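Colleague: I'd like to learn how to read a model like this one, feature by feature. Can you walk me through it?

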Amino acid sequence: DEIIVFRQPPNRTAENRGGAAGDPSRIKRRVTMSGEPPAKQRKLDSKEAFLCVFEQLARDVCEDEYVKRQPAYAQEWISFMQNYNVPKGKLNRGMAVLDGLVTIKPDLTDAEVQEANILGWCIEWLQAFFLVADDLMDDSVTRRGQPCWYKRKEVGTVACNDSIFLEASIYRILKKHFRAKPYYALLLDLFLETTFQTSTGQLLDLITAPPGVVDLSKYEMKTYNTIVEFKTAYYSFYLPLACAMVLGGVKSDAAFDSCKEICVEMGTYFQAQDDYLDCFGDPEVIGKIGTDIEDNKCGWLICKGLEKMTEAQKKTIQDNYGKKNPDCVARIKQVYRDIDVEKDFREYENESYKKLQGLIEEQTFVPGALYMKLLKKIYKRQK
């Protein structure tokens, strides 16, 4: 058996890929599934190889029996919508599946590499589903250097259905490639549970700090940690590594519990970094101008800062937080500097790193490198 993977030339964009059938100028590459040494595939840069798999999976969705019964313009919409929303990010979550599997089981066949990358793309489809919906809820303007999907004049609230379609596509992909596997039900449970967890985190985030309503009594570290655990940690850290563990033959419930504990701690640290960089990072380095203060975010800085502010400082926060005014933002940042919340973050960063090292060293279920690879990528990052 073999899978035909269509690789898009680098200079072509999602906008000119055409309809569901794709463009004949695309380069065809065969990926053997026999288990023989995948010489051609291994020559590819890992990200390029990962993107090759997306092309095939996107075609699979467009050639699904139910999609093929739709008129051509609906098929073209689906094709363009997928290409616009799924493969445009950093792809760190998706690529972490193969990275993790290699750590657990270094000698992989082509079939195992392909399965890891397929699951990785299922995570990227999940991410796209979350982001399309989140941008609509947050009234965001841009995402990944382009207008948010719902902001396109032909899309609007159709994005609601598109987000549902993106989620549903995950289960069509899983069914096509994994239904004969003994761990098929476990994969379904992982994706369904992660979606449920993330939706509860999103809800808490939305109702804790709605636009235009500043209620400082809700900005507590316990609430913040709960939001981050459910909205970010499970799908960004636990899901990729859990998928790698399933493919690697790990069956112990204790191993997955240990993975969850480590990933929640790592995800919380990662989000705290994001919050710090949003306020104090160099826009030229992080690639964006932070807006958490203007957007009334329940972030690490404000939750930590409120623990040590004077009543006068809290009054300044109450009067200026969540306002899209540069002077208000400057006043908030000055309070942060006055109480030295940057020092608090550095102390938290070091403590979290030590705690993670301890948790990783204590567990004996999988190689510690499974977690250390991720930790080294994010520790004291600048963007």
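**Reading the model**

Modeller: Buried is under 20% relative accessible area, exposed is over 50%, and partly exposed is in between, with a 1.4 Å probe and protein chains only. Keep in mind that this is a predicted model, where local features need pLDDT of at least 70 and side-chain atom pairs count only at pLDDT 80 or more, while totals for chains, interfaces and linings use all residues. Residues are numbered from 1 along each chain as its sequence is written, and side-chain values use heavy atoms, leaving out hydrogens and water.

Colleague: Where is Asp-340 found, and what is its phi near?

Modeller: Asp-340 is in the loop between α14 and α15 (341-362). Its phi is near 55 degrees, a positive value in a residue other than glycine. Helices here are DSSP runs of H or I with at least four residues, strands are runs of E with at least two, and both are numbered from the N terminus. Asn-296 also has a positive phi, near 60 degrees, and it lies in the loop between α11 (283-286) and α12 (300-306). Asn-296 has a relative accessible area of 1%, so it is buried.

Colleague: How many helices and strands does the protein chain come to?

Modeller: The count is 16 helices and four strands. Of the chain's 383 residues, 52% count as buried.

Colleague: How do I read a pair of packed helices?

Modeller: Two packed helices are described by the angle between their axes and the distance between the axes. The axes are lines fitted to C-alpha atoms, for helices over the stretch in contact, and angles run from 0 to 180 degrees between N-to-C directions. Take helix α5 (residues 92-104) and helix α6 (residues 110-138): their axes are 7 Å apart, at an angle of about 155 degrees.

Colleague: Which residues of α5 and α6 meet?

Modeller: Among them are Val-97, Leu-98 and Leu-101 in α5, and Ala-116, Leu-119 and Ile-123 in α6. Contact means heavy atoms within 4.5 Å.

Colleague: What about α13 and α14: at what angle do they cross?

Modeller: Helix α13 (residues 311-320) and helix α14 (residues 326-338) cross at roughly 155 degrees, and their axes come within 9 Å. That makes α13 roughly antiparallel to α14. Their contact includes Thr-316 and Ile-317 of α13, and Ile-332 and Val-335 of α14.

Colleague: And the nonpolar core?

Modeller: In soluble globular proteins, nonpolar side chains tend to be buried together. A nonpolar core is a set of buried Ala, Val, Leu, Ile, Met, Phe, Trp, Tyr and Cys residues joined through side-chain atoms within 4.5 Å. The largest one here has 112 residues, of which Trp-125, Phe-191, Met-245, Tyr-336 and Tyr-371 touch the most other members. Helix α9 (residues 221-247) gives the most to this core, with 17 residues. Leaving out residues up to four places away in sequence, Tyr-371 touches Leu-241, Met-245 and Ile-262, among others.

Colleague: Is Gln-197 buried or exposed?

Modeller: Gln-197 counts as buried, at 9% relative accessibility. It lies in helix α8 (residues 184-208). Gln-197 and Tyr-234 are 37 residues apart in sequence, yet 7.4 Å apart in space, C-alpha to C-alpha.

How values were computed: Parallel < 35°, antiparallel > 145°, perpendicular 65-115°, else oblique.
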